[in-house]
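Welcome! Take a moment to look over the model below, and then we will walk through it together.

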Amino acid sequence: MFQTLSERLQGVFRALRGRGTLKAQDIEQALREIRLALLEADVHFQVVKQLLERVRHRASGQEILRSLTPDQAVLRVVRDEMIEILGGETTPRLSSSVRFPSVVLLVGLQGSGKTTTAAKLALWLNHGGHAPLLVSTDVRRPAAREQLKKLGEQGQLKVHHPEEGRSAQELLRSALTEARSVGHDYLLVDTAGRLHVDEDLMTELCELKEIGSPSETLFVGDAMTGQDAVRSAAEFHARVGLTGIILTKLDGDARGGAALSMAAVSGCPVKFAGTGERLADLAPFHPARMVSRVLGMGDVLTLIERAEETVERGRAEESVRRFRKGDFTLQDYREQLIHLRKLGPLDRVLSLIPGAGALSVDSEAGEREMRRALAILDSMTFEERRLPSIMNGSRRKRIARGSGTAVEDVNRLIKQFTQARKMMKGLSGGGKALQRMARHLHSYR
Amino acid sequence: MTIAERLKKGLARTRATIETPIDLLRGRRSWSPADLDAVEAVLLAADFGPSAARRAIELLKHNGRAIGDGGRDAMRELLLGEIRRSLECSAVAGDVHACPRVSFFVGVNGTGKTTTIGKLAHVRAKEGHRVLLCAADTFRAAAAEQLEAWAERSGAAFHRGAAGADPSAVLTDALRAARARGHEDVLVDTAGRLHTKGNLMAELSKMARVAAREVSRAPHETLLVLDATVGGNGLVQAREFARALPLTGLVLTKLDGTAKGGVAVAVVEELKVPIQYIGVGEGIDDLLPFEAAAFAENLLWC
């Protein structure tokens, strides 16, 4: 697991404590660590270089050299600069034109997720009270237009889908006509994936732009992209003039440095992020969270959101109430474990928690332990989970057999559980705090 | 056209405009730290990743004197040799003689699985095989239609299930059909999935078990399709897919752009799985067998 950047920086500056003032070369060492962290996250090396130049400039100021916590001070400068590149913390919106419809052109390489994103964006606009029309101008990839049509059906979205045999240009023109006559306020144009070095297709894109005069031309980029992100984004920007970026496949575990590369080279803000396979999985982009992720500093907010998605509200509150009263049962314990597992494998959950990287938790062992506990709990009857006191020798033996464990394992689990429950009963105020926490968790959205 | 020619053609556009630090070092008898920085930049730009790039630079430093006396091209040769060594892989390409031979194509979303299958179907059909394409991607809208179009182009047979059907059920039907009708090759398109989704990865493991139940020791070939534009995450993906089911090879797609796919070197090194094909375009003939030497050369051009 990655050592987080803040830990590395702490290490650098700890070695310097007690030496009095910091020197420029001490900052240099910190910058080397930052460079490595950014490169590991796939930020383009030239973007890293420029970023570090600016950080160096600002970090040589007196306030950092004198700061009691230079690691934090340097980090703050780095974060500020990165957020700046990503377009700053603003609420993203799609610009619109004076005349209906406002055209949004989605461009990008093959497989970056343009078609899916087009449908997601239409749904998002729909929810915002708009009436978007979708059109696919991809006449190259087999069944590409079919794909958008089907996505439209899934999301009950309007798709302009005339029969066969037309060029991309013609498709856009007829879509514009339909949008005007029906009165759609947005026209979302899905385009064929193309390489930025493909002269013919880049020319076609320019023509599409001419025809549609879009108010937004959005580059759809894969969050897992490596160094090439710079070249493709730069070339698309030079040829068709981008106005924003949509980052896709952010639900994976890529650190996503490509976002910085694309934004830096095009000067365009990242507006949205694709966060899953469902049509509703498009979220406004949060630069600050992305910066934490790229720096390998954990993403607590994402963890909270994920927890919120998987824990059903009513059940969580019920658990917490019983927690407080001390009649937390094995049934609740089992549910907690299941929820925890839903968040993903243990090491991934830990990777979202800042600093957990340094805990050197044996996540494999933890995962095994958790699975075994679940097997034991699953082998109990509902009655046994509700009233652990009825557990006698023969029940324990049956549970052990059923879960493929030994009676000692079953005993250990029950003992741990009993102790934990006793502890909770002792903490009368703790229950309230927990309840507050649960409510907080749910008020996040 | 050989692979080297294809790659060169694709590269000509970019080579003309950007100077190549490694070429500049040709014929030099010594080099400065700035030269090494330039080489590191080339390696980074090819998505080698910072630690592998660092190792390569250390190697050059270490051998600096020897190279300095070795005359022109020595530095380049040293790097190329190192990359070729990393790409060496003795692993066998699955079971070639099984009949029907079942091949799985797996990978994250949008790497080009369906397109690769279409092109490979053409290759195998040209070899005289009776090929069946199985659309086990029942999730993505119109994925089956896309594969069907490729089946028509390549003259392969095609099997699909209902949208949203259990992919394992579709696979079972396809394998039974293949046995009954005597298809020699079954190419199975799976839904793209992020390697972080535990349940979807488990679904892949299940498909492998189901295949083995229908056809002895299937899948005989499991190809991970990697997008050449991917960065460091490519290695993470490969690890996770290899955990879900044993991989027999890699396909590196979209090499006709400017991306180099340098992370594939680390994947081959770590997982001991060879790169088998490279994708260099959207046409039916744009799938080529992998050649380590040409690939290594390509990596060092920028």
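## A lysine to start with

Which side chain makes a polar contact with the side chain of A:Lys271? The partner is the side chain of A:Glu216, at 2.7 Å. A polar contact is a pair of N or O atoms within 3.5 Å; within protein, one must be able to donate a hydrogen and the other to accept it, and residues adjacent in sequence count only if both atoms are side-chain atoms.

You can find A:Lys271 in strand β7 of chain A, which covers residues 270-274. A:Lys271 counts as buried because its relative accessibility is 10%. Buried means under 20% relative accessible area, exposed over 50%, and partly exposed in between, with a 1.4 Å probe and protein chains only.

## About the model

This is a predicted model, where local features need pLDDT of at least 70 and side-chain atom pairs count only at pLDDT 80 or more, while totals for chains, interfaces and linings use all residues. Residues are numbered from 1 along each chain as its sequence is written, chains are lettered from A and ligands numbered from 1 in the order in which they are written, and side-chain values use heavy atoms, leaving out hydrogens and water.

## Chain B by itself

Chain B holds 13 helices and eight strands. Both are DSSP runs numbered from the N terminus: helices are H or I with at least four residues, and strands are E with at least two. Of the 302 residues in chain B, 59% are buried.

## Where the chains meet

On the A side, 37 residues take part in the contact, and on the B side 44 residues do; contact means heavy atoms within 4.5 Å. Together, chain A and chain B bury about 3400 Å², with 54% of that on carbon and sulfur atoms. Buried area is the accessible area (1.4 Å probe) that two parts lose on being put together, summed over both. Three residues, A:Met224, A:Arg231 and A:Glu277, supply 19% of the area that chain A buries against chain B, more than any other three.

The rule finds four salt bridges across the interface of chain A and chain B, where a salt bridge is a side-chain nitrogen of Lys or Arg within 4 Å of a carboxyl oxygen of Asp or Glu. One of them joins A:Lys150 to B:Glu145, with the closest N and O atoms 2.6 Å apart. Helix α7 of chain A gives the most to the side that touches chain B, with five residues.
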